[in-house]
Amino acid sequence: MLRDRSLQLYVHPDVYAPAEDTFLLLSAIDVEKGEKALEMGCGSGIVSLHMAKAGTKVTAVDIDERAIEALENSAMMNGLYIQAVQSDLFTDVEGRFDLIVFNPPYLRGDVQGQEDLCWAGGEDGVQLTARFLKEAKEHLEPDGRVLLLVSDDMDPSALDEALSEWKVRTVACKTLFFEELRVLTLTL
C-alpha cells in the first residue's frame with residue numbers, strides 16, 4: 001500500500017510515532033474493499049487510517065489509552081470510521097478478521113515495570129510476539145493472514161519457535177544501520 005500523504009495524523013507526544021518500521025509494514029499491506037482488518041498495537045494509527053481509506057472495515061487495538069485517543073482524533077479529522085479498542089492484545093477483541101497487522105515491540109528488554117511498552121519485547125524480544133501469535137489463531141478467518149514485522153534483534157530460536165505453527169513468507173525487508181527489519185505474511 002502506498003503512503004497517502006493527504007491523511008491527517010494526530011500524534012500524541014507519548015505514543016509511538018510512525019518510523020521506518022511503520023512505513024515498511026505499510027508498504028507490505030494489500031487489502032480488498034470490504035475485508036475485515038485488525039491492527040494490533042496501533043500506536044499513532046497511521047496503518048489503520050490507510051486500511052480504512054482503502055475501504056477495509058478496521059478495528060484498531062492498543063493497550064495505551066493515549067494511542068486510542070490519538071487514533072480516534074485522526075479518524076475524525078479524516079472522516080473515517082475505525083473501531084478503536086483499548087485492550088491487552090486480544091483480551092477485549094471480538095470477532096474474526098481477514099487480515100491482522102502487528103508491528104510488535106521487538107527490542108530486547110524487560111516488559112515488567114516498563115513504562116514505554118512500545119519498545120520492550122521481553123528478554124528475547126519475542127515474548128509479546130509469541131503471545132500474540134497464539135491468540136491470533138482464534139481471531140483469524142480460515143483463509144485469513146497475519147502481517148507481522150520482525151527484527152533481527154529478536155532471538156532467532158525464540159522467533160522460530162513462536163512461528164512454528166504458521167506458514168511464513170517474507171514480503172518486505174529493509175536494512176537499517178543497526179538492524180534488519182522484515183515483514184512476514186503468516187497463514188495457518
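Close-up 1. Helices here are DSSP runs of at least four residues, numbered from the N terminus, and the structure in which they are assigned is a predicted model. Glu-135 and Arg-131 form a salt bridge, with 3.0 Å between the closest N and O atoms. Because Glu-135 and Arg-131 are four residues apart in helix α4, about one helical turn separates them. Glu-135 counts as partly exposed at 25% relative accessibility, and Arg-131 is likewise partly exposed, with a relative accessible area of 29%.

**Close-up 2. A network of salt bridges that links Asp-14, Asp-64 and Arg-66.** Within this group, Arg-66 forms a salt bridge with Asp-14, for which the closest N and O atoms are 3.5 Å apart. The pair links distant parts of the chain, since Arg-66 lies in helix α3 (residues 65–78) and Asp-14 in the segment before α1 (20–28), 52 residues apart. Arg-66 is partly exposed at 30% relative accessibility, and Asp-14, with a relative accessible area of 48%, is also partly exposed. Side chains of opposite charge can pair when their charged atoms come close. A search of the whole structure finds seven salt bridges, among them the one between Arg-66 and Asp-14.

**Close-up 3. The second largest pocket, with a lining to which α4 and α5 contribute.** The space in the second largest pocket amounts to about 240 Å³. Of the 13 residues that line this pocket, those closest to its centre are Ala-130, Lys-134, Ala-158, Glu-161 and Ala-162. Helices α4 (127–136) and α5 (156–162) each supply at least two residues of the lining, and the largest share, four residues, comes from α4. By residue class, the lining of the second largest pocket divides into six nonpolar, two polar and five charged residues.

Notes. Residues numbered from 1 in each chain as written. Predicted model: local features only at pLDDT ≥ 70, side-chain atom pairs only at ≥ 80, totals over all residues. Heavy atoms only, no water. 1 Å grid on protein atoms, 1.4 Å probe; cavity = no way out; pocket = protein on both sides within 12 Å on 5 of 7 lines; lining within 4 Å. Points joined across faces, edges and corners; volume = space filled by probe spheres on them. Nonpolar A, V, L, I, M, F, W, Y, C, P; charged D, E, K, R; others polar. Salt bridge = Lys/Arg side-chain N within 4 Å of Asp/Glu carboxyl O. Buried < 20%, exposed > 50% of the residue type's maximum accessible area, 1.4 Å probe, protein only.
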